[in-house]
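Trainee: I'd like to learn how the labels on a model like this get decided. Could you walk me through it?

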Amino acid sequence: MIHPWNADLFRQLGADPEHMPHAILLHGPAGVGKLELAIELARWSLCEQPSGEGACGVCDACNWFDQGNHPDFRRVEPVEVEAEDADAAPAKKAPKKGSRVIKVEAIREISDFLSLSAHRGGWRVALIHPAEFMNAAAANALLKTLEEPPARVLLLLVSHQPRRLLPTVISRCRKVAVPLPQRARALAWLAAAGMADPESPLAEAGGAPLAALAYAEPERAARREAFLDLLARPRQLDACQAAQTFQPVLAEAWGWLARWVHDLLAQRLAGQSHYFPGREGSVVPIAATCALIDLLAFQRELAQAGRWLRHPLNAQLLLESWLIRYSEIAGARP
Ligand SMILES: [Zn+2]
């Protein structure tokens, strides 16, 4: 399914199938429908009766594709590292057990698949998502295929963080930005999807509609409100107890705290809230009493912490230390 805000881009990309590039890198923020766009492009290029609007949806190829067994299509996603495994390292360090990575074996398999002739005599298509999860060996293996692509091959790379890709990989793809939709369009789509009050989830999601949809899930929304209530009263904040409550959802809590700190800074610097406009009643007075230099340092600290969030040594201690720091910064008396 193509999201309506990506429909024009989709038609542009598929307009000239005979001159399709052999590799396309779809990049943009998370939650704007890049993966769905890539899947639909794959379906279109494999369809046996395509139109200018996309795949037909009824031919054998479309049927196989929809059932997940088209012989000329492969999809690669990260797998969890089962033990400390130096070979899987995205950088130089061995990744931790439980972290996710696209390994070199998966990319070699794709390269072998792409070098065979197509079962149906048409295109062979491979989709890699998210491409930044390739480790160094995997990226180098992919580079070989990108340098000498077989005929009638389409490689689709989807990335939320293209800066983490090898520059040599990026330079061999046609780069296609998938931007945030216009706010009014995103709000209309969320309303049509049944969301009663799409404004605040869309703001929290930074304008990405699919992320907003996930954020509006009732249990998550209730957790967020409870967490923001704590942040709104920094002098009463019991960091230890709050950390105990929210450590099972560390990544969510980190996201809320980082956004809240962003809003405090945005209030200080520009007099507006970006992520939690409904909370300005609390954000404005807190922002007025914080030292700007402390807020900036805390923002940097939280941004760095984002990298190893998935596997903290001790989620509760980590969250508690952030909340203590927050109450020191935000709870200062004017
Ligand atoms: Zn078809």
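This is a predicted model: local features need pLDDT of at least 70, side-chain atom pairs count only at pLDDT 80 or more; totals for chains, interfaces and linings use all residues.

Trainee: What makes Leu228 count as buried?

Mentor: The cut-off for buried is under 20% relative accessible area. Leu228 has a relative accessible area of 1%, so Leu228 is buried.

Trainee: How far is Leu228 from Cys47 in sequence and in space?

Mentor: They are 181 residues apart in sequence, and C-alpha to C-alpha the separation in space is 48 Å.

Trainee: And what does Cys47 do around the zinc ion?

Mentor: Cys47 coordinates the zinc ion through SG, along with the SG atoms of Cys56, Cys59 and Cys62, at 2.3 Å. For the label "donor", an S atom has to lie within 2.8 Å of the metal. In sequence, the donor residues follow the spacing C-x8-C-x2-C-x2-C.

Trainee: Why is the arrangement around the zinc ion called tetrahedral?

Mentor: Four donors count as tetrahedral if all angles lie between 85 and 135 degrees. The four donor atoms here subtend angles of 104 to 118 degrees, so the arrangement is tetrahedral. For reference, the ideal angle for four tetrahedral donors is 109.5 degrees.

Trainee: Are Cys59 and Cys62 buried or exposed?

Mentor: Both Cys59 and Cys62 are buried.

Trainee: What about Glu199: why is it called partly exposed?

Mentor: Glu199 has 41% relative accessibility, so it counts as partly exposed. You'll find Glu199 in helix α8 (residues 199–204). From Cys56, Glu199 is 143 residues away in sequence and 36 Å away in space, C-alpha to C-alpha.

Trainee: Which residues are joined by a cis peptide bond?

Mentor: His129 and Pro130, with omega of about -15 degrees. Pro130 lies in the loop between β5 (124–128) and α5 (136–147).

Trainee: On to helices. How do you know that α12 and α15 are roughly parallel?

Mentor: Angles under 35 degrees count as roughly parallel. Helix α12 (residues 250–270) and helix α15 (residues 315–330) pack at about 15 degrees, with axes 11 Å apart. The two are therefore roughly parallel to each other. Their crossing is left-handed.

Trainee: Why is Leu13 called buried?

Mentor: Leu13 has a relative accessible area of 6%, so Leu13 is buried, given the cut-off of under 20%. Leu13 lies in helix α1 (residues 7–14).

Trainee: How is the protein chain divided?

Mentor: Into domain 1 (4–177) and domain 2 (217–330). Their C-alpha centres lie 36 Å apart.

Trainee: And how many helices and strands are there in the protein chain?

Mentor: There are 15 helices and seven strands. The C-alpha atoms fill a box of roughly 70 × 45 × 30 Å along the principal axes. Of the chain's 334 residues, 47% count as buried.

Terms used: Residues are numbered from 1 along each chain as its sequence is written. Side-chain values use heavy atoms; hydrogens and water are left out. Donors are N, O and S atoms within 2.8 Å of the metal (3.2 Å for Na, K and Ca); water is not among the atoms, so sites may look incomplete. Four donors count as tetrahedral if all angles lie between 85 and 135 degrees; four count as square planar and six as octahedral if opposite donors are over 155 degrees apart and all others between 65 and 115; anything else is irregular. Buried means under 20% relative accessible area, exposed over 50%, partly exposed in between (1.4 Å probe, protein chains only). Domain bounds come from an automatic or database domain assignment. Axes are lines fitted to C-alpha atoms, for helices over the stretch in contact, and angles run from 0 to 180 degrees between N-to-C directions. Helices (H or I, at least four residues) and strands (E, at least two) are DSSP runs, numbered from the N terminus. Angles under 35 degrees count as roughly parallel, over 145 as roughly antiparallel, 65 to 115 as roughly perpendicular and the rest as oblique. A crossing is left-handed if the near helix is turned anticlockwise from the far one by less than a right angle, and right-handed if clockwise.
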